[in-house]
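Here's a quick tour of a structure for someone meeting it for the first time. Have a look at it first, and then we'll walk through a ligand site and a helix pair.

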Amino acid sequence: MANTIIIGAQWGDEGKGKIVDMLSAQSSLTVRFQGGSNAGHTIRAQGEQTILHLIPSGILHQGTLCLIGNGVVLDPAVFLEEADELSKRGLDVSPARLGISKKAHLILPYHKQLDKAREAKRAGHKIGTTGRGIGPCYEDKVARVGIRAADIGNPSLLRDKVRHTLLEKNILLQELYKFDPLDPDVVADELLAMAPRLIPYLTDVEARIDEAAARGENILFEGAQGVHLDIDHGTYPFVTSSNTVSGNAASGSGVGPSFFTRAIGVAKAYTTRVGSGPFPTELLDDSGTYLRERGHEYGATTGRPRRCGWLDTVILRASTRLNGLTDFAVTKLDVLQNLPLLRICVAYEHEGKRCERIPQEEGALDKVNPIYEEMPGFEADISGCTQFGQLPSAARAYIRRMEELVGAKVSIVSVGPDRQQTIFM
Ligand code: IMP
């Protein structure tokens with residue numbers, strides 16, 4: 001039995017969807033443990049592309065049960081839309097295969113309004129959120145005024161909670177942000193209208209995990225975003241509002257830390273970031289444009305162009321440590337093809353000194369200079385390689401150097417979006 005956590009080791013969009021999809025073939029259960037519909041997990045199978053925001057990426061494997069854990073903030077309308085979309089394509093998304101933790105918090109219209117209103121007001125200091133209401137929903141959870149999934153089965157409790165929370169939020173929306181106030185009855189009615197479809201999905205996620213573990217089944221825990229968007233360990237304040245590190249797989253799904261046997265960090269062979277925040281190896285020249293165009297680096301959720309740069313092994317070393325990573329899956333190695341010279345950031349220069357770790361003061365990462373090692377590039381088309389030995393020697397050397405610098409082995413290399421374009425080492 002293997003209980004494996006998969007997390008993004010950079011700033012999100014590393015290609016977790018593909019890796020989860022592939023490993024789901026050997027797992028009977030996939031659990032999403034944090035984030036919400038800010039995520040966009042792209043999977044390509046048999047030439048068809050699927051983008052998932054909420055439903056775990058194991059859903060494409062008919063034998064896999066997919067659960068949304070308590071650590072997720074769930075937008076009920078997005079969940080139903082996504083389920084309908086998959087159902088139209090012939091996939092079974094019935095409650096027999098898909099479940100939502102009764103303890104997961106729900107994203108309501110006021111969370112999305114506040115998210116957008118705050119960003120609009122932050123002129124010059126925008127975080128660049130996805131506008132999906134993620135931060136405001138987690139705020140309510142921590143402030144103990146959140147609406148949990150199970151509340152939709154108790155209309156009077158739900159109405160009371162919505163009324164109570166809107167007392168405060170309507171003042172903010174109207175007075176500070178100059179938005180129209182929301183009518184608590186309308187908000188509650190809209191949610192309750194979805195209740196008949198949602199209630200069958202509500203489940204005790206901990207119990208389902210416990211039962212699967214007792215049967216000796218393999219379980220996958222699917223993270224969203226990336227380590228350096230973590231609310232505690234990321235590039236604060238340019239972060240998302242949840243813990244994206246592997247430790248949250250435990251609290252976000254309801255198991256203890258000794259439950260896990262493996263933690264895989266997914267990293268692109270270069271680095272990307274969407275939204276604001278420090279990015280030491282960002283390329284603002286033609287190489288950056290090359291990576292963006294060749295790598296189709298446009299957000300799966302918002303369509304925004306992603307910022308692109310060289311591989312940064314300072315942040316990846318931190319990811320190895322912060323997550324107890326046992327191994328890495330490296331994606332999009334094929335995107336580096338035809339770059340004559342590859343650069344890897346091995347350390348930073350910070351305040352005149354070489355520094356191997358991320359400085360922790362706010363704004364400090366904006367001021368570091370990356371120290372690069374140069375490696376020869378490769379010209380051969382590697383998108384058909386299925387074994388490590390088939391890669392050109394420069395590509396192999398790049399992966400081997402990466403392993404040394406990040407302090408963990410690379411066990412999977414992806415050379416294209418399709419399932420077959422994967423090398424298991
Ligand atoms: P939020 O999660 O919508 O609050 O956005 C906070 C920051 O996280 C912004 O910089 C977003 O661009 C970034 N972010 C959120 N979700 C993702 C993701 O799935 N991939 C990449 N960046 C993300």
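Which polar backbone atom is 3.4 Å from an oxygen atom of the ligand? That one belongs to isoleucine 127. Before going further: this is a predicted model, where local features need pLDDT of at least 70 and side-chain atom pairs count only at pLDDT 80 or more, while totals for chains, interfaces and linings use all residues. Residues are numbered from 1 along each chain as its sequence is written, and side-chain values use heavy atoms, leaving out hydrogens and water.

| Residue | Protein atom | Ligand atom | Distance |
|---|---|---|---|
| Asparagine 38 | polar side-chain atom | oxygen | 2.9 Å |
| Isoleucine 127 | polar backbone atom | oxygen | 3.4 Å |
| Threonine 240 | side-chain N or O atom | oxygen | 2.6 Å |

The protein covers 97% of the 470 Å² of accessible area that the ligand has on its own (Shrake-Rupley method, 1.4 Å probe). Around the ligand sit 15 residues, and Asp13, Asn38, Thr130, Thr240 and Arg304 come nearest (a heavy atom within 4 Å makes a residue near). By class, that shell has six nonpolar, seven polar and two charged residues.

Now for the helices. Helix 10 (residues 313-323) packs against helix 11 (residues 393-406) at about 60 degrees, with the axes 8 Å apart. Helix 10 brings Thr313, Leu316, Arg317 and Thr320 to the contact, and helix 11 brings Met402, Leu405 and Val406 (contact means heavy atoms within 4.5 Å).

Key
A polar contact is a pair of N or O atoms within 3.5 Å; within protein, one must be able to donate a hydrogen and the other to accept it, and residues adjacent in sequence count only if both atoms are side-chain atoms. Ala, Val, Leu, Ile, Met, Phe, Trp, Tyr, Cys and Pro count as nonpolar, Asp, Glu, Lys and Arg as charged, and the others, Gly among them, as polar. Axes are lines fitted to C-alpha atoms, for helices over the stretch in contact, and angles run from 0 to 180 degrees between N-to-C directions. Helices (H or I, at least four residues) and strands (E, at least two) are DSSP runs, numbered from the N terminus.
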